[in-house]
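This is a short briefing on one protein chain. Please look through the sequence and the 3D view before reading the points below.

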Amino acid sequence: MGTDAGLREVDRLGVKQLPRFRDLHPSVRRVLEAAHKAAVPHPIYAVGGYVRDLLLGLRTVDIDLVVEGDAVAVAQRLGQYLKAVVTPHPRFRTARLRLAEGITLDLVTARSERYPKPAALPDVRPASLREDLARRDFSINAMAARLGRHRFGPLIDPLGGAEDLRRGRIRVLHDGSFVDDPTRIFRAARFEARYRFAFARSTRRLIEAAVDGRVMRNVAGSRIFTELLLITKEPSAPRIIRRLSDLGILAGVHAKLSRLPVVFGLLERVRQVLHRRRTLPPLQSCAPAEAYLLGMLYGLPPRTAAAVVRRLDPPPKMSAKLAADLIACRRTACRLARAMDLRQSRIARLLDPLSPEARIMVLATPVRGSKRQAVSEYLTNSWRIVPVLRGEDLRRLGFRPGPIYREIFAALRSARLDGQLHTRRDEVSFVLRRFTGASLQH
């Protein structure tokens, strides 16, 4: 992405001054006042993405705080004030609070970091705020604003983050940053796409050097998987995945992902279907992350796809579900491609057994014309068509409860879907005509 595009987007967003305390949302003011109270006598600061997005005029409910003291102890006191659940992480001197208003607070002890080896988790020790800002990933995430009683700011920006925001630039802070933590490349790609920024030239060179050094082979699959999940939450997820492919990052994760470019059109269609899912009720419960992962795996041979999933190391339940969904959506797409019978009952038999994520994949595959129209019609309207008759009606008609009920209701729904039945009387006649003699109480 060119620098001009990044600058145009920054101009559109506008780099602003920090808001005054009284201009913050009342819920945020209450939280920040409580955080200041819980931290006394230690200084506490808003930092990172929260400050960055305030300067861009963007609303966020995720607040990052740094304490020049014990963040876990401050978080415990703050949790009592706010009646919030506290999740501490003592090894890294951090804690997270989730509040009823939807606000998430991440508290961190001001710290410096040392990486014992490339891609390892860091060793940390308490430090000053400036040391904490200096250990961060990018300049735009290395700004802070001190919290006081009824006070917010001024901006603390020792590393030029505000200027990089103005210029639409992603600039890494250390030459060894991508070697110490290669997952920062994923974050750089997310910020580039989200804000339409561009990499600083030095940052691009450092990414290329890290790729040449094959840094991704040292990163645990679960950490890469976490980064991919964050990417799938972005509106421009396919563009970010393509960018990572162009940079050689995905091939560094697994050699077979170097062939991924063939599915970028599929990923874009997945994005389009996800955008429409509010109008397609059978898809509304889908997990977008799983849909995108299916899209990434769809074009790979089964054994290769399984190897990639093992490398990414998702939770066991998700791993099993991805494997089952991949088989199911491929089989269904093939059957749909060969299908001559496009009645809604046939479409129902194809789609009903699938998960929402696998249905999205079927819609996203290059199915054309009347077949795509038949699938869309089913997911938009026909899915809600069900028989009028119920179990008690079948009992009154003389049918013993048992497996025959499932067969009857399936036949009724198919006939309803295909427009053969319209009224309750139609259904009764259909059942008596087709199933008389089956499990009757005579």
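The model is predicted. The chain has 442 residues, and 52% of them are buried. Its secondary structure comes to 22 helices and eleven strands.

**The chain as a whole**

- Along its principal axes, the C-alpha trace spans about 85 × 50 × 40 Å.
- Take the contacts between residues at least 6 apart in sequence: 68% of these join residues at least 24 apart.

**Helix H3**

- Helix H3 covers residues 48-55.
- Eight of its eight residues are buried, so H3 is largely enclosed by the rest of the structure.
- The buried residues of H3 are Gly48, Gly49, Tyr50, Val51, Arg52, Asp53, Leu54 and Leu55.
- Gly57 follows H3 and has a positive phi, near 75°.

**Helices H13 and H14**

- Helix H13 runs over residues 264-276 and helix H14 over residues 288-298.
- Their axes come within 9 Å and cross at roughly 155°.
- Angles over 145 degrees count as roughly antiparallel, and H13 and H14 are therefore roughly antiparallel to each other.
- The crossing of H13 and H14 is right-handed.
- On the H13 side, the residues in contact are Leu266, Leu267, Val270, Arg271 and Leu274. They meet Pro288, Ala291, Tyr292, Gly295, Met296 and Tyr298 of H14.
- Sorted by class, this contact of H13 with H14 has nine nonpolar residues, one polar and one charged.

**Helices H21 and H22**

- Helix H21 (residues 403-417) packs against helix H22 (residues 424-435) at an angle of about 125°. The axes of H21 and H22 are 11 Å apart.
- That angle makes H21 oblique to H22.
- H21 and H22 form a right-handed crossing.
- H21 contributes Ile404, Glu407, Ile408, Ala411, Leu412, Ala415 and Arg416 to the contact. These residues meet Arg424, Glu427, Phe430, Val431, Arg434 and Phe435 in H22.
- By class, the contact of H21 with H22 has eight nonpolar residues, no polar ones and five charged ones.

**Cysteines**

- How many disulfides are there? The count comes to zero, where a disulfide requires two cysteine sulfur atoms within 2.5 Å.
- Cys329 is in no disulfide, and the nearest cysteine sulfur, that of Cys334, is 9.7 Å away.
- Cys334 is likewise in no disulfide, with the sulfur of Cys329 as its nearest cysteine sulfur, 9.7 Å away.
- Is Cys329 buried or exposed? Cys329 has a relative accessible area of 1%, so it is buried.
- Cys334 has a relative accessible area of 41% and is partly exposed.

**Arg114**

- Where is Arg114 placed? Arg114 lies in strand S6, which covers residues 111-114.
- Arg114 counts as exposed because its relative accessibility is 52%, and the cut-off for exposed is over 50%.
- Arg114 and Arg277 are 163 residues apart along the chain, and their C-alpha atoms are separated by 45 Å.

Methods
Residues are numbered from 1 along each chain as its sequence is written. This is a predicted model: local features need pLDDT of at least 70, side-chain atom pairs count only at pLDDT 80 or more; totals for chains, interfaces and linings use all residues. Side-chain values use heavy atoms; hydrogens and water are left out. Buried means under 20% relative accessible area, exposed over 50%, partly exposed in between (1.4 Å probe, protein chains only). Helices (H or I, at least four residues) and strands (E, at least two) are DSSP runs, numbered from the N terminus. Axes are lines fitted to C-alpha atoms, for helices over the stretch in contact, and angles run from 0 to 180 degrees between N-to-C directions. Angles under 35 degrees count as roughly parallel, over 145 as roughly antiparallel, 65 to 115 as roughly perpendicular and the rest as oblique. A crossing is left-handed if the near helix is turned anticlockwise from the far one by less than a right angle, and right-handed if clockwise. Contact means heavy atoms within 4.5 Å. Ala, Val, Leu, Ile, Met, Phe, Trp, Tyr, Cys and Pro count as nonpolar, Asp, Glu, Lys and Arg as charged, and the others, Gly among them, as polar.
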